[in-house]
Amino acid sequence: MEKNLNWAVLGTGVIANEMAQALKAMGKTLYAVGNRTHEKAVTFAEKYQVAKVYDDFHEMFTDPDVDVIYITTPHNTHIGFVREALKNKKHVLCEKSITLNSLELEEALALAKENDVIFAEAMTIWHMPLYKKLWELIDAGKTGTYASNANEEHEEIADWLADGVPALGKVQMIQLNFGSYKEYNMKNRFFNMDLAGGALLDIGVYALSIARSFMESKPDQVLSQVKFAPTGADEQAGILLMNKEAQMATLALSLHSKQPKRAVISCENGYIEIMEYPRADQAVIVEAESGVHHTVNAGEAKKALQYEMEDMEQAIKTGDVHKLKISDTKDVMDIMTDLRKKWNMKYPGERWE
Ligand SMILES: NC(=O)C1=CN([C@@H]2O[C@H](COP(=O)(O)OP(=O)(O)OC[C@H]3O[C@@H](n4cnc5c(N)ncnc54)[C@H](OP(=O)(O)O)[C@@H]3O)[C@@H](O)[C@H]2O)C=CC1
Ligand SMILES: O=C1CO[C@H](CO)[C@@H](O)[C@@H]1O
């Protein structure tokens, strides 16, 4: 019989609560919880019937019954806890942004390899069925027509053909907005430099992940403008990307003004519009010539965390990590690192070399 993987969660904040609910919806129970403020871990365990609460959350890393740890603490703390977990041979699913910079990410990936465990980012974009479907659609139609044997690689091609969805051709230009209004409140993580706040690591990571996932290669040209919050954290930014195939992306990010979370992926024969990414379950495809609209549905927005944990479990059980898109996580982290270096925006205690 297949082994049931035991999940432990580090942290009891917003996303940890969602994770516990998602595991329940998967028919599983969270095995363990640890938190800096112990009483909150006790309350959390009662709420979700968690079997184990650690007196000191560091015990989680050496508990022989824990298979996989979900890290849900602020960005600045990720690398320290990731190191501790990987050295103790625990698989790790770590919240975005996975580390502060590429140097930390390289170190963590090397540690995962050395200890023969999986280390991945809980990046919603990699796991939602909608994006998986759209990547297939783009891939099957990137030459501008569907190849006659395309359905051997792309199961859904017959459905697209039946629905009259055109082969979209090459991705040319991607436009992404993400704006979320957060107060300048130093009690939370959003603008606090000590907690690695700022728009890029909190929301830019989503926009960049979408951009990377629809581009053929990593962008090698990056331009930007930035405005800083009174705390020194990046409050809003405009970012332009281009890769060697001359595919371009434009990002507008703000952590102090609301914008629709909208993605437009323009291709030669039409465009795809996704509203409310990252947790999206619907997109509209508009044909360039006729203006005809096709609605594409896949998955359910409310199951976002479930999809992440299902892909992680599958990777642990099979050893096939392709769904975790670690290489794309690295590309996104390289772009974010490069941007912050250009902005001279270093977090307290952060190492760049
Ligand atoms: N995927 C998604 O949709 C979302 C992802 N996130 C990501 O999840 C992470 C956490 O965000 P969120 O849940 O909003 O954060 P919260 O502020 O709600 O919770 C943070 C948790 O981390 C703990 N913590 C804070 N500092 C430390 C520290 N120095 N050492 C140990 N534990 C610490 C807190 O413990 P205590 O109780 O003691 O304060 C708390 O349990 C971030 O990386 C964020 O980007 C966030 C929201 C949505
Ligand atoms: O990941 C997250 C989901 O989106 C929020 C903004 O709307 C972020 O602040 C949060 O960290």
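1. Two residues are in contact if their C-beta atoms, placed from the backbone, lie within 7 Å. Asn115 touches Leu86, Lys87 and Lys89, not counting residues up to four places away in sequence. Asn115 sits in the loop between α4 (102-114) and β6; helices (H or I, at least four residues) and strands (E, at least two) are DSSP runs, numbered from the N terminus. Between Asn115 and Leu105, 10 residues apart in sequence, the C-alpha to C-alpha separation is 15 Å.

2. On provenance: this is a predicted model, in which local features need pLDDT of at least 70 and side-chain atom pairs count only at pLDDT 80 or more, while totals for chains, interfaces and linings use all residues. Residues are numbered from 1 along each chain as its sequence is written, and chains are lettered from A and ligands numbered from 1 in the order in which they are written.

3. The cut-offs are as follows: a residue is buried if 20 or more other C-beta atoms lie within 10 Å of its own, exposed if 12 or fewer, and partly exposed in between, with C-beta atoms placed from the backbone.

4. Neighbours within four places in sequence aside, Gln247 is in contact with Val171, Gln172, Met215 and Glu216. Val292 lies 45 residues from Gln247 along the chain, and their C-alpha atoms are separated by 24 Å.

5. An open sheet is formed by six strands, with parallel pairing, in the order β3-β2-β1-β4-β5-β6. Two strands pair if DSSP finds at least two bridges between them. The edge strands, each pairing on one side only, are β3 (52-53) and β6 (119-121). Within the sheet, four bridges link β4 (residues 68-71) to β5 (residues 91-94) in the parallel sense. Val68 has His91 in β5 as its bridge partner.

6. Helix α1 (residues 14-25) has 12 residues, which at 1.5 Å a residue should span 16 Å; the end C-alpha atoms are 17 Å apart, which agrees. The expected span is 1.5 Å times one less than the number of residues. Buried in α1 are Ala16, Met19, Ala20, Ala22 and Leu23. These residues cover an arc of only 160 degrees around the axis, so they are on the same side of α1; the arc is that of the directions from the helix axis to the C-beta atoms. An α-helix has 3.6 residues a turn, so residues three or four places apart point the same way.

7. What do the buried residues of α1 pack against? Their partners are β1 (7-10), α2 (38-48), β4 and α10 (304-318). Val14 and Ala25, on the other side of α1, are exposed. Gly27 follows α1 and has a positive phi, near 80 degrees.

8. The span of helix α6 (residues 129-140) can be checked likewise. Its 12 residues should span 16 Å at 1.5 Å a residue, and the end C-alpha atoms are 16 Å apart, which agrees. The buried residues in α6 are Leu130, Tyr131, Leu134, Leu137, Ile138 and Ala140.

9. Strand β7 (residues 171-181) has several pairings. With β12 (residues 262-267), β7 runs antiparallel over five bridges. Gln175 stands opposite Thr250 in β10 and opposite Val264 in β12. Two bridges pair β7 with β11 (residues 256-259) in the antiparallel sense, and Gly179 faces Gln259 there.

10. Strand β9 takes part in two hairpins. Eight bridges join β9 to β8 (residues 221-228), antiparallel, with Ser224 opposite Ile239. Five residues lie between β8 and β9, and Gly232 in the turn has a positive phi of about 100 degrees. Seven bridges join β9 to β10, also antiparallel, with Gln236 opposite Ser254. Five residues lie between β9 and β10, and Ala246 in that turn has a positive phi of about 65 degrees.

11. Around ligand 1 there are 20 residues, of which Gly11, Gly13, Arg36, Thr37 and Glu95 come nearest. A residue is near a molecule if its C-beta atom, placed from the backbone, lies within 6 Å of it. The shell divides into four nonpolar, 10 polar and six charged residues. Ala, Val, Leu, Ile, Met, Phe, Trp, Tyr, Cys and Pro count as nonpolar, Asp, Glu, Lys and Arg as charged, and the others, Gly among them, as polar.
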